Amino acid sequence: MTQADAPDTPHRRPLSRIVLPYAMLSPAVLVTLAIVFFPMVQTVWMSLHDYVLFRPNDFNFVGLKNFRAALNDEVFWISLRHTIIWMAATIPAQLLLGLVTALLLNQQFPWRPVARALVIIPWALPSVVIALMWVWIYDSNYGIANELLLRVGLIQRAIPWLANPDTALAAIILTLTWQGFPFFAVMILAGLQSIPGSYYEAASIDGASAWRQFWHITLPGISGVIVTAVLLRTIWVANSFDVIFVMTGGGPGYATHTLPLYAFIKARTNLDFGYGSAIATLFTLMLMVIVLLYLRRTAKAVQ
Amino acid sequence: MTFKKTLGFASVLALTAGLAHADSTVRFWYHFDNADNPMDELVAAFEEANPGIKIEAENIPWNSYYDQLYTAIIGGSAPDAAMVKMFAQPRLVEMGALEPIGERIDAWEGKDGLQDNLLELTRAADGQAYYLPVQYVVLYLYYRPDMFEELGLSVPQTCDEFRDVARALTRDTNGDGQINVYGFGFRGAGGGHDHWGSFTLGREGVSLTEGLTSEAGIAGTQFVADLFREDGVFPPSTPNDGFQEIIGTFKAGRTAMTIHHIGSANGMVEALGDNVSATVVPECGGGRWTAFGDESTAILSSAEDKDAAWKWISFLSSEGNNALFNEATGQLPVVKADTESWSLHPQRFVQATVDSLPFAELLPNVPETSDFVNTVWATAMQRVLIGDITAEQMNTQISDLFAN
């Protein structure tokens with residue numbers, strides 16, 4: 001290859017061409033820096049200080065004191081345990097329910113568009129409305145859950161689902177599963193519809209059973225969608241605390257405390273922004289693994 | 001020409017001054033549960049009497065009222081005046097968010113018309129006056145006279161009697177084998193410290209800041225725990241029950257007694273007619289304790305026009321206006337003249353309030369009280385109710401909070 005055939009190298013470009021992309025990107029980058037990175041850095045900065053909001057003048061640097069305090073805090077570990085249970089139960093439950101729903105909705109049957117629209121409803125409702133609705137369902141005096149279970153004879157006396165530490169977290173997990181499964185259903189349904197019908201026809205001709213078709217055609221066809229949806233949802237579920245806050249406020253006792261909720265209570269209710277920020281920072285570090293996996297995946301998709 | 005110019009200039013100046021005057025706006029935050037409240041009526045009456053001042057009154061939901069107020073103060077968007085309770089005063093003072101109004105109160109013609117002692121009760125620890133009282137209540141014991149009569153019970157005067165009648169009142173009234181009436185509706189979620197206080201803080205030598213870890217102090221918390229865990233006289237949902245639940249279950253006949261104030265009396269009468277009455281909270285361990293529920297107004301130090309803000313808050317605590325204000329909240333007026341003509345509540349509830357006044361107390365006027373009210377009490381009480389910690393551990397936790 002001669003020198004003349006070589007493609008233009010950047011140093012040969014005029015300066016304006018080199019600067020132009022950066023100039024055009026800079027507003028977006030600046031906005032992102034201002035609204036995403038600045039608050040993040042500020043949170044980390046606050047976590048290194050004794051910062052109680054009603055003592056605005058005592059903003060003292062304390063290094064890692066808040067982090068040490070968090071790691072020695074019984075409630076931090078209780079909240080972490082609940083966060084792990086909460087994520088480990090909610091996401092697979094949502095995935096499974098979403099998968100079954102998507103497979104059903106992918107079949108031909110009358111009123112299918114209506115069924116698809118109905119399935120979306122829980123996802124479309126605001127979290128606070130859902131939380132209040134389920135508080136009423138679980139109510140031990142008037143709730144429909146107890147009424148139904150009593151009538152079919154499954155329980156002998158009304159259970160205070162949200163006031164009993166043994167059932168409160170499970171009751172909230174059920175609520176969030178109900179709220180979140182349509183997301184998986186819609187994502188997986190879109191994935192299902194991208195699988196060419198000819199694959200199934202060919203498999204049928206070869207005599208593959210429905211299960212083998214599912215295992216060898218459907219699952220590989222939607223695996224990409226499932227992985228993305230699980231990663232996305234994991235981050236969302238991990239950070240979601242509005243439903244818990246409305247339903248139990250973290251109680252009874254610490255029975256439904258999760259880490260984001262604990263950080264919120266510390267910062268917003270106790271006004272201890274230093275400690276709240278430390279908890280939030282610790283939790284973000286823990287979530288970083290999932291975030292990195294997600295970023296790697298999106299980077300690959302972009303390429 | 002020069003004269004004309006001068007006249008024109010003077011007119012513009014006068015007009016500008018007039019406009020500036022008319023632009024004086026007082027942003028006021030308040031919290032009424034009742035959406036159908038007379039605030040618009042009060043604002044209209046005030047603006048008519050004070051043409052230069054505009055009032056922007058905003059009803060903030062109670063459950064996040066203080067969270068919003070504190071963050072608005074820090075964020076630099078605090079209102080000019082706000083409705084405030086005593087437990088929040090130390091924090092607001094510490095934040096430098098309140099304007100001292102002692103001199104304004106002293107010069108105010110309405111001062112002598114206020115109920116005795118209210119200005120003393122609401123004075124800050126530094127001796128300054130930041131609050132102007134606007135309404136008050138005292139907590140008492142609601143009970144169902146018909147249920148007491150049916151079982152031949154007397155209204156309890158002591159904790160021991162309370163326990164006995166609560167046990168008797170807890171029963172299955174429709175024969176389906178399920179308990180459907182509970183003796184007492186206890187508020188286990190936020191705000192229930194008043195219930196716990198009546199069983200604990202009246203005991204000899206016990207207060208939030210002293211003697212809470214003594215035998216008498218622990219006995220109070222243990223008494224509450226036993227009522228729930230041993231005797232089962234509170235509904236099973238108790239650990240999560242807040243205001244709506246305790247009032248709702250009482251109105252529905254699911255509980256026979258509960259503790260609240262005159263603010264809920266009219267709703268109770270609407271639901272139950274004559275089958276509801278009130279008396280003082282029981283004497284426990286040698287004394288009685290009930291909560292004095294205060295509500296005042298204050299001027300924020302960041303207010304642009306403090307004179308206008310003062311005119312507005314003093315208007316709310318003036319004769320006639322104060323009565324109208326309290327019609328919506330269902331609490332009691334702070335103006336003597338308005339109290340004398342008060343006919344908005346059945347006499348038995350006003351009487352129970354007056355009878356409770358001698359032993360009614362405010363929570364300690366220290367910054368820790370906010371934490372106690374907002375998080376520490378409810379979490380610790382719930383943990384005791386579900387058997388997570390002991391009564392002693394709960395009292396120690398509260399004691400430690402106030403000792404710091």
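User: Before we start, what should I know about numbering and which parts count?

Analyst: Residues are numbered from 1 along each chain as its sequence is written, and chains are lettered from A in the order in which they are written. The model is predicted, so to speak with care: local features need pLDDT of at least 70, side-chain atom pairs count only at pLDDT 80 or more, totals for chains, interfaces and linings use all residues, and side-chain values use heavy atoms, with hydrogens and water left out.

User: OK. How many disulfides over all chains?

Analyst: The search of the whole structure turns up 1, where a disulfide is a pair of cysteine sulfur atoms within 2.5 Å. Cys159(B) and Cys284(B) make the link, with their sulfur atoms 1.9 Å apart.

User: Where do those two sit in chain B?

Analyst: They tie together distant parts of the chain, 125 residues apart: Cys159(B) is in helix H8 (residues 159-169), and Cys284(B) is in the loop between strand E7 (277-279) and strand E8 (290-299). Helices (H or I, at least four residues) and strands (E, at least two) are DSSP runs, numbered from the N terminus.

User: Which hand does the link have, and are the cysteines buried or exposed?

Analyst: The link of Cys159(B) and Cys284(B) is right-handed, with 75 degrees about the S-S bond. Both cysteines are buried; that label means under 20% relative accessible area, with exposed over 50% and partly exposed in between (1.4 Å probe, protein chains only).

User: Switching to the interface. How many residues does each chain put in?

Analyst: Chain A gives 27 residues and chain B gives 27 residues, with contact meaning heavy atoms within 4.5 Å.

User: And how much area do they bury between them?

Analyst: About 2,500 Å², with 53% of it on carbon and sulfur atoms. Buried area here is the accessible area (1.4 Å probe) that two parts lose on being put together, summed over both.

User: Which residues of chain A lose the most?

Analyst: Phe54(A), Asn141(A) and Arg268(A), which together make up 25% of what that side buries.

User: What's the chain A side made of?

Analyst: Its residues that touch chain B divide into 15 nonpolar, 8 polar and 4 charged. Ala, Val, Leu, Ile, Met, Phe, Trp, Tyr, Cys and Pro count as nonpolar, Asp, Glu, Lys and Arg as charged, and the others, Gly among them, as polar. Helix H11 (residues 259-269) of chain A gives the most to that side, with 3 residues.

User: Back inside chain B. Where is Ser317(B)?

Analyst: Ser317(B) is in the loop between helix H13 (306-316) and helix H14 (321-329). Ser317(B) is buried, with a relative accessible area of 1%. Leaving aside residues up to four places away in sequence, Ser317(B) touches several others, including Trp108(B), Leu132(B), Asn322(B) and Val335(B).

User: How covered is H13(B) itself?

Analyst: Mostly covered, with 8 of its 11 residues buried. Among them are Trp310(B), Trp312(B), Ile313(B) and Phe315(B).

User: What caps its N-terminal end?

Analyst: Asp305(B) does, through a side-chain oxygen that lies 3.3 Å from the backbone nitrogen of Asp307(B).

User: Which residue does Asp307(B) pair with in a salt bridge?

Analyst: Arg104(B), at 2.9 Å, N to O. The two are 203 residues apart, with Arg104(B) in helix H5 (residues 102-106) and Asp307(B) in helix H13. Arg104(B) is partly exposed, with a relative accessible area of 23%, and Asp307(B) is partly exposed at 48%.

User: What about Asp371(B) and Arg91(B), buried or exposed?

Analyst: Asp371(B) is buried, with a relative accessible area of 16%, and Arg91(B) is buried at 0%. Their side chains meet in a salt bridge (3.0 Å, N to O). This pair also links distant parts of the chain, 280 residues apart: Asp371(B) is in helix H17 (residues 368-385) and Arg91(B) in helix H4 (residues 89-94).

User: Last one: how many salt bridges over all chains?

Analyst: By this rule the count is 14.

Notes. Polar contact = N/O pair within 3.5 Å; in protein donor to acceptor, adjacent residues only side chain to side chain. Salt bridge = Lys/Arg side-chain N within 4 Å of Asp/Glu carboxyl O.
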